[in-house]
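Q: I am new to this structure and would like a close look at one part of it. Could you start with a loop and then show me what lies around it?

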Amino acid sequence: MIMLTAVVAAVYAAVLIPFKGLTIIPGFTSVRPANVFPVIFSLFFGPAAAWGSGIGNLIGDIFGGTFGPASFFGFIGNFFFGFVGYKLWGNLGPLSSGEEPDFRSNTGRQLLEYLVVALVAAAITAAIIAWGADLLGLVPFPVLGATITVNNFIAAAILGPPLLYLTWPRVKEMGLLYPEVLRDDDLSDVASARRQIAAYGIAVVAIVWVLVGVFIAPPQSTFQRALGAIGFVLVLGLAVVSGERLSELVGY
């Protein structure tokens with residue numbers, strides 16, 4: 001798992017750095033086709049993708065010339081960018097396809113589930129980073145929250161499905177999917193109802209946090225700070241009680 005974390009971090013950083021020059025908000029975000037990796041790596045490698053995405057983004061900041069106080073929130077936001085996928089896949093009730101994400105059967109349902117996962121992952125990352133930048137007085141939440149959500153989602157939505165179609169069978173054949181890499185004791189044994197409540201909770205908190213932060217709460221206000229604090233605590237709590245279902249879907 002440590003090796004997979006290092007691989008995720010290296011790949012993410014290696015694709016982030018060359019695009020740092022295509023700036024959207026100077027010092028904070030740029031055109032990032034690499035944003036597809038935290039989402040699909042989460043489905044492949046589970047917790048290794050979460051740690052690898054956080055570390056990879058930090059490396060990208062350091063070597064891409066954007067390292068600063070907001071990089072702390074960038075690490076946390078990108079940790080959750082790589083965390084959401086394997087926690088939500090299969091746990092979204094009627095929105096779930098009931099299939100492993102190989103895009104080789106039941107394709108329409110898999111695409112719907114993937115887009116929901118990608119949107120939630122993009123939103124929660126944007127909310128955490130925009131909250132941090134707003135707290136530090138660097139960039140107003142509405143500007144950064146909306147920009148990161150759209151930027152993250154577009155890359156993951158366009159590039160993710162074809163990459164999963166091409167690579168999922170090969171990664172599975174190599175025995176690198178997280179249910180096979182992790183020990184049985186490391187796979188959380190969480191009841192189905194609790195998994196779904198946690199998954200829906202993470203999705204609702206992420207979307208509501210971004211929408212209220214962008215359209216209702218004034219930038220750098222007490223309301224904005226309190227919204228972020230409540231949203232972050234809720235996300236942490238839901239993450240702790242969440243579980244994964246991919247191991248069942250892939251037959252482990």
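Predicted model: local features only at pLDDT ≥ 70, side-chain atom pairs only at ≥ 80, totals over all residues.

A: Let's begin with Asn106, which lies in the loop between α5 and α6. Helices here are DSSP runs of H or I with at least four residues, strands are runs of E with at least two, and both are numbered from the N terminus. Residues are numbered from 1 along each chain as its sequence is written.

The phi of Asn106 is positive, near 50 degrees, in a residue other than glycine. Most residues other than glycine have a negative phi. Asn106 is partly exposed, with a relative accessible area of 35%; buried means under 20%, exposed over 50%, and partly exposed in between, using a 1.4 Å probe and protein chains only.

Phe103 is found in the loop between α5 (84-88) and α6. Phi is positive for Phe103, near 55 degrees, and Phe103 is a residue other than glycine. Phe103 is buried, with a relative accessible area of 7%.

Now to the core. A nonpolar core is a set of buried Ala, Val, Leu, Ile, Met, Phe, Trp, Tyr and Cys residues joined through side-chain atoms within 4.5 Å. The largest one has 74 residues, and Phe44, Phe80, Tyr114, Trp209 and Leu246 touch the most other members. Helix α6 (residues 107-135) gives the largest share of this core, 15 residues. In soluble globular proteins, nonpolar side chains tend to be buried together.

Take Trp209 as an example: leaving out residues up to four places away in sequence, Trp209 touches residues including Ala127, Ile128, Trp131 and Phe141. Contact means heavy atoms within 4.5 Å.

Another helix to look at is α3. The 18 residues of α3 (residues 47-64) should span 26 Å at 1.5 Å a residue, and the end C-alpha atoms are 25 Å apart, which agrees; the expected span is 1.5 Å times one less than the number of residues. Among the buried residues of α3 are Ala48, Gly52, Gly56 and Gly60. Their cover includes α1 (2-16), α2 (36-45) and α4 (71-81). After α3 comes Gly65, with a positive phi near 80 degrees.

Finally, Val250 sits in the segment after α11 (246-249). Val250 is buried, with a relative accessible area of 11%. Beyond its neighbours within four places in sequence, Val250 is in contact with Glu100, Trp168, Lys172, Leu177 and Pro179.

How values were computed
Heavy atoms only, no water.
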